[in-house]
Amino acid sequence: MKVDVLLGLQWGDEGKGKIVDVLSPKYDVIARFQGGPNAGHSLEFNNKKYVLHSIPSGIFHKNSINVIGNGVVIDPVIFKKEIDGLEKECVDIKKKLLISKKAHLILPSHRVLDAASEAAKGKTKIGSTLKGIGPTYMDKTGRNGIRVGDIEYNLKDKYQKLYNKHRQILEQYDFQYDISEYEKLWFEGIELIKEFELIDSEYTIDQYLEENKKILAEGAQGTLLDIDFGTYPYVTSSNTVSAGACTGLGVSPKNIGEVYGIFKAYCTRVGSGPFFTEIFDETGKKLQKYGHEYGATTGRERRCGWLDLIALKYSVKINGVTQLIITKADVLSYFDKIKIGIAYKINDKISTKVPFDNQANIEVVYKEFKGWKTDVTKVRKYNDLPNELISFIKYIENEVGVPIKIISLGPDRAETIIRSSTYL
Ligand code: GDP
Ligand code: IMO
Ligand code: MG
């Protein structure tokens, strides 16, 4: 058995939560490998919507084991809120969720540092979710962090030592804060974490593989937010790409199987940073309205634009995507004409590469498609899709060179076409 990986190919919010939930019955184990509560993964079934932040999207399935890997950062306050909310819906959650001892903890002061740093940046702010992600990963790589496995012994001392360090840094900012209330909740969250099985995911995952268990690694954010390959510095602070599944769970590259790359039929982005196919007129507003494009974590409006094929090819290449999943094609049903960005014109030269320079003066070359103008949310068979949508799908497949195996046509679990039974 191998570990399959599912990850976003754009700037996050591609529909990972929904698709992981759809695929979960085929897997024994669902494992998050990076990110933290900056993620907001939505799932819908039985007319109810759930949003998960730190917990893997397999949690609603009776038999699935869910793992929070070492690459993840955990805020005990948000974690407790999520568990409290889920306990009504998920039986035996404490038996079904395992947490790596090597996952790092987000302290209340990490959140303050995030907010202070963003405030100081002014116009050049990243547009962070303000969940303390950047500062926590900085302490991890700076070798100051506190890990889940550290909570058993002298946590208060370790906490105080790190908080003192943060206080010194915060003195450089003109930023008011009071964490006393949050700190209380934080230590309550720590007590809850102690009730879960704390693991060394590198051993646990190996053992699962030996037992022939099927494992799906669930990515957060998206490739264009990757710390190395995203639109730096407007990125998150972890490796969101498939390689992140190896370092974020302790899986060897030779044990990676399928890589599912998920993308929206158009593009969205929350927060600042380049977005070459962004639409600023009524069409963009229409995408936002019909796509309900509001951040699942922060409620912010998502910026909207056409699909960027150059960026999609880049993401497919970096991740070694073996199967594509397209979501939200139903949202395009409202449009007479649909566009795909197929090349960039940089200083009058045509390029099909994502440029190093985010500020580059880029004009996008588009290919136009006829819209299908039909409600597709009830379609369950590929061949029943309108011809225009099939042409759109075929074009992308041909250009990218990877088959689109799953087509999502609505937020509900049921609103999904799986093209081949051999997708596992
Ligand atoms: P994630 O972060 O990748 O899990 O994505 P989010 O949950 O943040 O955002 C995706 C949004 O689109 C959620 O509100 C989903 O319920 C919704 N969604 C997912 N797939 C589809 C789809 O195919 N069509 C429509 N209309 N909505 C979808
Ligand atoms: P999911 O998993 C969309 C964006 C933020 C900001 C940048 C850095 O739901 O796809 P951070 O808080 O990580 O320091 O923010 O990254 N961002 C996301 N955008 N979906 C997400 O996660 C995101 N997580 C972070 O908006 O621009
Ligand atoms: Mg999201």
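First, a term: two strands pair if DSSP finds at least two bridges between them. Keep in mind that this is a predicted model.

Now the strand. With that cut-off, β11 and strand β14, residues 323-327, pair in the parallel sense over five bridges. For a landmark there, take Gly 261: its bridge partner in β14 is Leu 324.

β11 has another partner. Strand β1, residues 3-8, pairs with β11, again in the parallel sense and over five bridges. Here the landmark is Val 5, whose bridge partner in β11 is Val 259.

Is β11 mostly covered or mostly open? Mostly covered: β11 spans residues 256-264, and seven of its nine residues are buried. In general, side chains in a regular strand alternate between the two faces of the sheet.

On to ligand 1. Which residues come nearest? There are 21 residues around ligand 1, and the nearest are Lys 16, Gly 40, Ser 42, Asp 330 and Ser 408.

Look at the backbone next. Gly 15 places a backbone N or O atom 2.8 Å from an oxygen atom of ligand 1. For Lys 328, the distance from a backbone N or O atom to a ligand 1 oxygen is 2.9 Å.

How much of ligand 1 does the protein cover? On its own, ligand 1 has 580 Å² of accessible area, and the protein covers 95% of that. Two elements give two or more residues to the shell: α1 (16-23) and β3 (41-45).

Last, the shell's make-up: nine charged residues, eight polar and four nonpolar.

How values were computed:
Residues are numbered from 1 along each chain as its sequence is written. Chains are lettered from A and ligands numbered from 1 in the order in which they are written. This is a predicted model: local features need pLDDT of at least 70, side-chain atom pairs count only at pLDDT 80 or more; totals for chains, interfaces and linings use all residues. Side-chain values use heavy atoms; hydrogens and water are left out. Buried means under 20% relative accessible area, exposed over 50%, partly exposed in between (1.4 Å probe, protein chains only). Helices (H or I, at least four residues) and strands (E, at least two) are DSSP runs, numbered from the N terminus. A residue is near a molecule or strand if one of its heavy atoms lies within 4 Å of it. A polar contact is a pair of N or O atoms within 3.5 Å; within protein, one must be able to donate a hydrogen and the other to accept it, and residues adjacent in sequence count only if both atoms are side-chain atoms. Accessible areas come from the Shrake-Rupley method with a 1.4 Å probe; for residues, only the protein chains shown count as cover. Ala, Val, Leu, Ile, Met, Phe, Trp, Tyr, Cys and Pro count as nonpolar, Asp, Glu, Lys and Arg as charged, and the others, Gly among them, as polar.
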